[in-house]
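User: Please take a close look at one part of this model, a strand pairing and what surrounds it. Then place that part in the wider picture.

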Amino acid sequence: MSAPSRGRWGIRLGAGLVAALLLVTLAEVWVGAGAKPASAAGETIEIQAAHGTSFVPALEGKRPLFILAIGSDARSPALEHGRSDSIHIIGVNLKTHRASVLGFPRDSWVSIPGHGSGKITTAMSLGGPSLLVDTLENLTGITIDFWLLTNFGGLRRMVNGIGGLTVDIPIDLDDHFSGAHLSAGSHHIDGWQALAFARDRHDFATGDFARSENQGTILLAALTKLQTQFAKNPAVVFEWIVLGWKNVTTRLSVNTLLDLALTATQIRAEKVTNQVVPGTTGQVGEASVVFISSSAQAIYADMRANGVIGS
Amino acid sequence: MTRGLRLARLGIALVVVAAVITSIVVVLTRNSSKTATPAQTAPVSGSPLPSPTPRSVFTFPAPEIEGFTVVGVGGVSLSREPAALIQSTLSQFYDQAFLDPVTWANGVPEEAWSAFDASVRDQAIADTASLALGDTVPSLESLEVTKATLSVNVLLNTNKKPDAAFAEIVFNATGTLTDGEEITITNRAEFLLRPVSNTWLIFGYPEATTNVTGISVTATPTPSATQTGATP
């Protein structure tokens, strides 16, 4: 290499090193500051990736699920042979996770298999929950998958156990028979108040129909509460199951109850239809009864099809 | 060109070289000091090749346990054994899904998904970004767990046998990229597990969130951050 070449090499080396130094310095500046907002602590922070998701294993199936919720007027251990004061079929569409609650006035005059005609409230006292299931399946054509039974005390303890419920009271209540004394509007009610609201029929012009609808309202308030608590802490489902197990009679396993509870968390409460079978009041002999209207057949058919009324 | 001028140019070049070397040494020294923390530091590799030194397998610390029994009492004592099995299942998944350098380059290995029941496995894989670090940050060079907690709630059936459990996880880690930049990884998850053939598998995740946040090298990790990590 000639002297002039060495000179140019020296200049190039020097320029290259200066450039490298600049690059290192720039790199320092970039790494140190970056194009990021500065925090109060002088750190620079940038969200690069944020992902959140949720997957709850709700029951799935091609046909809807039907659960019979029964409220008995009896005390344990005669619970299963008391009269059913509260009767609701809960239909769940396992594809869409929508649901409906269909209530039956306790004085509904129906055919009870093996026992002729009678008030539906007497079916359980005649043959336990299974006869009530048979009676309803015979009436509606709906196949009941599970039944759950509680009584006054069970309802009260469960509502207290979950910290009460928030319920919209449709009208002022002042009924000394049931003990319901609440003004119209939204109330956070305890177990006693929930029970009184569920039993009150004297304050309502539609009597037994309104009472059945109010019982459905309590079911939906409980569903809303479950979902609110589940969103904060999923393990709350276990508390509900333990509470339910101690206050509900059922043939279901704990595992199946868990499946049902998890499924319930995925049903949007505000989209659940709460309806009572249509009918008229009348007399059979000395007894006041409810005659279910023929228009109820369309409701049964609707519910049978996909578990949801009015879908 | 005169000899004096050539010497002057050579002198300038040497000064520049010295400055460059000094800068490089400063940068390298600072980066190496950040990756020198013990335990839970995955090997400095940046490639999927096996590391030259054995890697510590991650384990969650002993979980907080709560037992829910539908009959009688004694839920906590009966929940200890299932909680230990759940700890094992989740530790293995987090090791494979977050801490194994192979994952950073190649994504979460297929065997990691065996922590999930077959009924939920495809969904979990689709939700990789929420459940795992995987290859979100391929330039990751090392990763150090700064916080890992596990709480287990067990549901016991009428025979006082465990039917299901919810496991709540808080998992934080600090990583260093090949360019020296630091990132933090924050994972929060709630898993539903059920016993299957002497082990516990994940059947659901009501909550699963993974955030990756970049922090400049000027940020100094707090000393406590490296002390709250899981056992090596």
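Analyst: In this predicted model, A:Leu65 has A:Val92 in β3(A) as its bridge partner.

Now the wider chain. Chain A has 8 helices and 14 strands. Of its 311 residues, 39% are buried. Take the contacts in chain A between residues at least 6 apart in sequence: 61% of these join residues at least 24 apart.

One helix pair in chain A deserves a separate look. Two packed helices are described by the angle between their axes and the distance between the axes. For α4(A) and helix α5 (residues 208-232) of chain A, the angle is about 145° and the axes are 7 Å apart. From α4(A), the residues at the contact are A:Ala194, A:Phe197 and A:Ala198. They meet A:Asn214, A:Gln215 and A:Ile218 in α5(A). By class, the contact has 4 nonpolar residues, 2 polar ones and no charged ones. An α-helix has 3.6 residues a turn, so residues three or four places apart point the same way.

Helix α4 (residues 191-199) of chain A is mostly covered, with 7 of its 9 residues buried. The buried set includes A:Ala194, A:Phe197 and A:Ala198. A:Gly191, A:Gln193, A:Leu195 and A:Arg199 are buried as well.

The nonpolar core comes next. In soluble globular proteins, nonpolar side chains tend to be buried together. The largest nonpolar core here holds 125 residues. A:Ile241, B:Leu155, B:Ala165, B:Ala167 and B:Leu193 touch the most other members. Strand β2 (residues 140-156) of chain B gives the most to this core, with 9 residues.

B:Ala167 shows what such a position looks like. Leaving aside neighbours within four places in sequence, B:Ala167 contacts B:Ile86, B:Leu90, B:Leu150, B:Val152, B:Phe191 and B:Leu193.

Strand β3 (residues 162-177) and strand β4 (residues 182-196) of chain B are joined by 12 bridges. Within it, B:Val170 has B:Arg188 in β4(B) as its bridge partner. The two strands form a hairpin with 4 residues between them. In the turn, B:Gly180 has a positive phi of about 95°.

How confident is the predictor? Chain B averages a pLDDT of 79, and 69% of the residues score at least 70. Over residues 22-48 of chain B the pLDDT is below 50, and this stretch has 45 contacts in the model beyond near neighbours in sequence. Residues 217-232 of chain B also have a pLDDT below 50, with 38 contacts beyond near neighbours in sequence. For the complex, the predictor gives an ipTM of 0.78 and a pTM of 0.76.

Technical notes. Residues are numbered from 1 along each chain as its sequence is written. Chains are lettered from A and ligands numbered from 1 in the order in which they are written. This is a predicted model: local features need pLDDT of at least 70, side-chain atom pairs count only at pLDDT 80 or more; totals for chains, interfaces and linings use all residues. A residue is buried if 20 or more other C-beta atoms lie within 10 Å of its own, exposed if 12 or fewer, and partly exposed in between; C-beta atoms are placed from the backbone. Two residues are in contact if their C-beta atoms, placed from the backbone, lie within 7 Å. pLDDT is the predictor's confidence in each residue, from 0 to 100. A nonpolar core is a set of buried Ala, Val, Leu, Ile, Met, Phe, Trp, Tyr and Cys residues joined through C-beta atoms within 7 Å. Two strands pair if DSSP finds at least two bridges between them. Axes are lines fitted to C-alpha atoms, for helices over the stretch in contact, and angles run from 0 to 180 degrees between N-to-C directions. Ala, Val, Leu, Ile, Met, Phe, Trp, Tyr, Cys and Pro count as nonpolar, Asp, Glu, Lys and Arg as charged, and the others, Gly among them, as polar.
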